[in-house]
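Please look through the model below, and then follow the explanation from its side-chain pairs to its sheet and its surface.

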Amino acid sequence: MNFFYELEKYSSNTAVITEQSKQVSYKDLLDAADNIGKHFHKRSLVFAVCKNCFESVAGYIGFLQAGAVQILIHDKIDNVLFVNLLEAYKPEYIFLPTDISLSNYNFNIVYSFDSYTLLKTDYEIDYTVHDDLALLLSTSGSTGSQKFVRQSYNNINSNAEAIAQYLEISSADRPITTMPMSYTYTLSIINSHLLKGASIILTE
């Protein structure tokens, strides 16, 4: 069983501590994730524009649990690059901070959650996604143009389990997100510590 389906056993634990020092329980995280998960089609492609905040983590878990395929994107991405990615991948949905404007597009708001908005795009969806595909993570682009690496549900889970075992992570641990959530390293911290019921300190 993938760890993101088993988080309910930590309901009373603190899942995240926000930059404003707000403590959010696993129960509240799962409630938020579940609400987000009700507003999109299963196996749809979602651009998740990430910040190190509660809304972003709730969206990430909600998309995993509800079977969407996420492309994680740094919220400070260059506008031209972002537009190019939109045209190349044609996501069915975009989950992004409300203060990021996409006024040039006719996208519809389908759900608002605190400082984040879920948009339904108007792209014609003429592709299918592989059953095992869960996530696309960006490379650094240091050897040329930015590319995306495909990760399956099994990839995410086995990586989290291996890190948690090697570092002997427990629910008493308090990791800090020192790099963007859209980076593989930070995401592995989030996954491996949620797996063990730890509390993640989110900071930009």
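Is lysine 38 buried or exposed? Lysine 38 counts as exposed, because its relative accessibility is 59%, where exposed means over 50% relative accessible area, buried under 20% and partly exposed in between (1.4 Å probe, protein chains only). The model is a predicted one, in which local features need pLDDT of at least 70 and side-chain atom pairs count only at pLDDT 80 or more, while totals for chains, interfaces and linings use all residues. Residues are numbered from 1 along each chain as its sequence is written, and side-chain values use heavy atoms, with hydrogens and water left out.

The side chain of lysine 38 meets that of aspartate 34 in a salt bridge (3.7 Å, N to O), a term that stands for a side-chain nitrogen of Lys or Arg within 4 Å of a carboxyl oxygen of Asp or Glu. Aspartate 34 is partly exposed, at a relative accessible area of 40%. A search of the whole structure finds four salt bridges, and among them is the one between lysine 27 and aspartate 31, at 3.0 Å from N to O. These two residues are separated by about one helical turn, because lysine 27 and aspartate 31 lie four residues apart in helix H1; helices (H or I, at least four residues) and strands (E, at least two) are DSSP runs, numbered from the N terminus. In a further salt bridge, lysine 76 and aspartate 75 have their closest N and O atoms 3.1 Å apart; lysine 76 counts as exposed at 57% relative accessibility, whereas aspartate 75 is buried at 14%.

We turn next to the sheet. Three strands form an open sheet in the order S2-S1-S10, with mixed pairing, where two strands pair if DSSP finds at least two bridges between them. Strand S2 (23–25) and strand S10 (200–201) are the edge strands, since each pairs on one side only. Helix H1 (residues 26–37) packs on this sheet and touches S1 and S2, and its direction makes about 75° with that of S2; axes are lines fitted to C-alpha atoms, for helices over the stretch in contact (heavy atoms within 4.5 Å), and angles run from 0 to 180 degrees between N-to-C directions. Strand S1 (residues 14–17) pairs with S10 in the parallel sense over two bridges, and isoleucine 17 stands opposite isoleucine 201 in S10.

Helix H5 (residues 184–195) holds serine 188, which is buried, with a relative accessible area of 14%. Apart from neighbours within four places in sequence, serine 188 is in contact with Asn159 and Ile163.
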